[in-house]
Amino acid sequence: MSRLTKSERIRNAVASQAVEEIKAIHAYVHGNNYNREEWDTLWSKSDNTTWGHAFGRMVGPENIYLNSVAHCDKMACEGYMRVCDKSSEFWGHDIRSSGMSGTHALASGVIEVAEDGRSARSFYLTPGGMIGNRMRLESNNERFGGWIWERYGSDFVFENGRWLYFHEQVCPDIDSEYDFLNWAYDEFKKSINNPINDGSMGGTPARLSEPGAIHYNFTCFQTVQDTVVPPKPYSSLNDENSYSTKGRNTL
Amino acid sequence: MELANKSEEYLLDAWEAQRAIKNLMGKMSYNYIVKKFQEIFSGLWSSRADVCLGVNDGYYNGASAVAGYYDGLYELNALISKLMQKAIPSVLEDKTADEIYGTGTMDYKPVECELIEVAQDGGTAKGLWVLRGSHSQLTPAGPVGYWEWGWFAADFIKEDGKWKIWHLLYLDDVCGVCGTDWVTAPKDLPEMEVFEPIKGYKLPEPNVPVKLRELYSPMRCFTPPPRMPEPYESFSQTFSYGIAEGETENG
Amino acid sequence: MAESNINFTESELLERVWDKEKIKDIIYRRSYFISANRRREELSNLWVGEPRHLKSASYGNNIGYFVGIDEIHRHCAEYDEILYSRLKPYSDTRQEIDYDKANLGFGGMNIFSCNTPLVFVAENGMTAKLLVAQYGNHAVGAPDGTSEVFMTFGLVFADFVKEGNQWKIWHLIDVHDFSLPAGKDALDLPLRPGAEDDPIVAEYGTPTVSKEVYDTMFGWEYLYFDMPKEYYAYDERYGYGPNSNMGLKYFERPGGTRQ
């Protein structure tokens, strides 16, 4: 029997679906390079907002925006220029989104809404495909048919009448190309004589608030990493129930 | 689910039930990645004696058989870690068996496309998911990556206020080596002496051997997905994803 | 932007919560019907049935729309012909395999799976819009023991309408991005694969209305404008039927890319 009132249960059901909605909007908007449309509308502007990846953590909206919008927009523009050199068909098309079509598809979602209704947490797997003609054309045919599979741990807050992203921790595990490679055997052959894991899967940021590996991609010598544990039912967001670090769990 | 003319209390109970079931399956996916197989059985399965796990080659019928299957996965992964420790001593040789447990392979089992029906009486539920995964297996040549496409179909039962797996079908259509056409036998890779012991390991066999599903091949009859759940009042009025009536340990 | 929900009572919110779950259930159920080659049952179970919606129902793919439920049924028949053509090499060479409806799909596999759902129910509660990513595999076998296996990628956009207290698919577009062959380098694919390179392209059929709904060359260029968002009531320009903005360039859309 739930401890919550009927109103609270309805509130939390709506919140749970808001989490699904935010995660989905992120997947599609990120997939077509519309980064500012994501970060301007889906994210809290609190100084305690964090975005972590394998390579470290961005803290606060300015650092997150620098990496996730400005840096990515720069790369998108440079990529578009290279594509236009290779294919005049792209002239006049959208600088950011033309030729994009990869998704960090979402699966295996675990969502919990706090009893106080002010935060929510989610765990997802993302068995996504990073494919698109832009990637194919822009960089000498590299990474056209790539894929990268990751784990997500995310926290959300209810702020000014809307649900917003608050923290995200991305944990890339495996990647390869479609479909002439074998990700496990290729990695093993690389590692057997030279077992080095620099944890750099998934990209390089511009400037980080907190550089340093948070999660290493899978290698055959990497011990199990329990970086993002699915959320359990909880009362309120705090240092024990968070995908960020201590002291960053209030708005 | 049939929801017309139901009270708000009923609607909330049913919504929370299907969310809890989605969370349960998400946790199962997570446990595969972090190799917590025994926690899958102890944490997610019902304590009933008549639990049942069906795989392509038969059923693990009864609690002892299902537990044995997950124990087998645990032992297999312990062996893999030990062999990997021998193969890459420079990184792993100083670590204990507990520290290296789970090292060597990765198993992503993302579940999506869920259909969930909660019984009108609220005591059981049924669900069907697509499994769109990739994992590595340790072969005598080293770890090799596979694509895995299949289905999870489950009956759930409510015990002490928590949803648990009662019967589970885990059926594969594809377990194809990455970088191959999935139907031609992959070329032999050079074996390594350090991995010789993996040849001798076999998971426990189903205690009710029966062909539940063939892997895809060009000579396979068309094989549709498992039966979809439909709205139902109580479990006696619906079909089971467990062992079929008449099928016994004697086959 | 995520939905604001400020205009609803608690009872309405609960109803809308279940509206979204039912709509996801329908699109996922569609995947299982399609994967089971039960396309006609998909139509009769999940699509509109009231006479006022039958003529305006539409199914779209990259090259156009089948408009009206009868035309969508015609597309099912086109697909059956493809299945028969794939059965023929088997029945011609293997005595035990009859050229019969019961053997359609022999040696084949066709899993369509959906994920990443984005659903908005109109504020007036009468329609809904959905987007899902569709990942699948597609195999066509041959009696010599070979098979052409692909991993497929696309999106599904759909309008739903309420008939009585049931949600039904009204307009749906299967957007197809790629079919990547298993075991081969994706870079070897032509930039715009034709039917000979891509089995999904071979299944497009002959739409009632030919229109470039989606050009794989440019991918999701208009996805941000076409994806579902909060809305008050159905407007065919912003839906997913044949008179929608789908496929139109920005300068062809009334009001540009604003909604």
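At what angle do helix α1 (residues 8-33) of chain B and helix α2 (residues 37-44) of chain B pack, and how far apart are their axes? The legends below take up this pair, then chain B as a whole, then a helix pair in chain C.

**Figure 1. Packing of α1(B) against α2(B) in the predicted model.** The two helices of chain B pack at about 160°, and their axes lie 8 Å apart. Angles over 145 degrees count as roughly antiparallel, and α1(B) and α2(B) are therefore roughly antiparallel to each other. The crossing of α1(B) past α2(B) is right-handed.

**Figure 2. Residues in the contact of α1(B) with α2(B).** From α1(B), the contact takes in Leu24(B), Lys27(B), Met28(B), Asn31(B) and Tyr32(B). From α2(B), the residues are Phe37(B), Glu39(B), Ile40(B) and Leu44(B). Sorted by class, this contact holds six nonpolar residues, one polar residue and two charged residues.

**Figure 3. Elements of chain B in order.** Chain B contains five helices and eight strands. Read from the N terminus, the order is α-α-β-β-α-α-α-β-β-β-β-β-β.

**Figure 4. Dimensions and burial of chain B.** Of the 251 residues in chain B, 59% are buried. Among contacts in chain B with a separation of 6 or more, 68% join residues 24 or more positions apart.

**Figure 5. Packing of α2(C) against α4(C).** Helix α2 (residues 39-46) of chain C packs with helix α4 (residues 69-93) of chain C at an angle of about 160°. The axes of these helices are 9 Å apart. The two helices are therefore roughly antiparallel to each other. α2(C) and α4(C) form a right-handed crossing.

**Figure 6. Residues in the contact of α2(C) with α4(C).** Helix α2(C) contributes Arg39(C), Arg40(C) and Leu43(C) to the contact. Helix α4(C) contributes Ile72(C), His73(C), Cys76(C), Ala77(C), Tyr79(C) and Asp80(C). By class, five residues of this contact are nonpolar, one is polar and three are charged.

Terms used:
Residues numbered from 1 in each chain as written. Chains lettered and ligands numbered in written order. Predicted model: local features only at pLDDT ≥ 70, side-chain atom pairs only at ≥ 80, totals over all residues. Heavy atoms only, no water. Axes fitted to C-alpha atoms, helices over the stretch in contact; angles between N-to-C directions. Helix = DSSP H or I, 4+ residues; strand = E, 2+ residues; numbered from the N terminus. Parallel < 35°, antiparallel > 145°, perpendicular 65-115°, else oblique. Left-handed = near helix turned anticlockwise from the far one by under 90°. Contact = heavy atoms within 4.5 Å. Nonpolar A, V, L, I, M, F, W, Y, C, P; charged D, E, K, R; others polar. Buried < 20%, exposed > 50% of the residue type's maximum accessible area, 1.4 Å probe, protein only.
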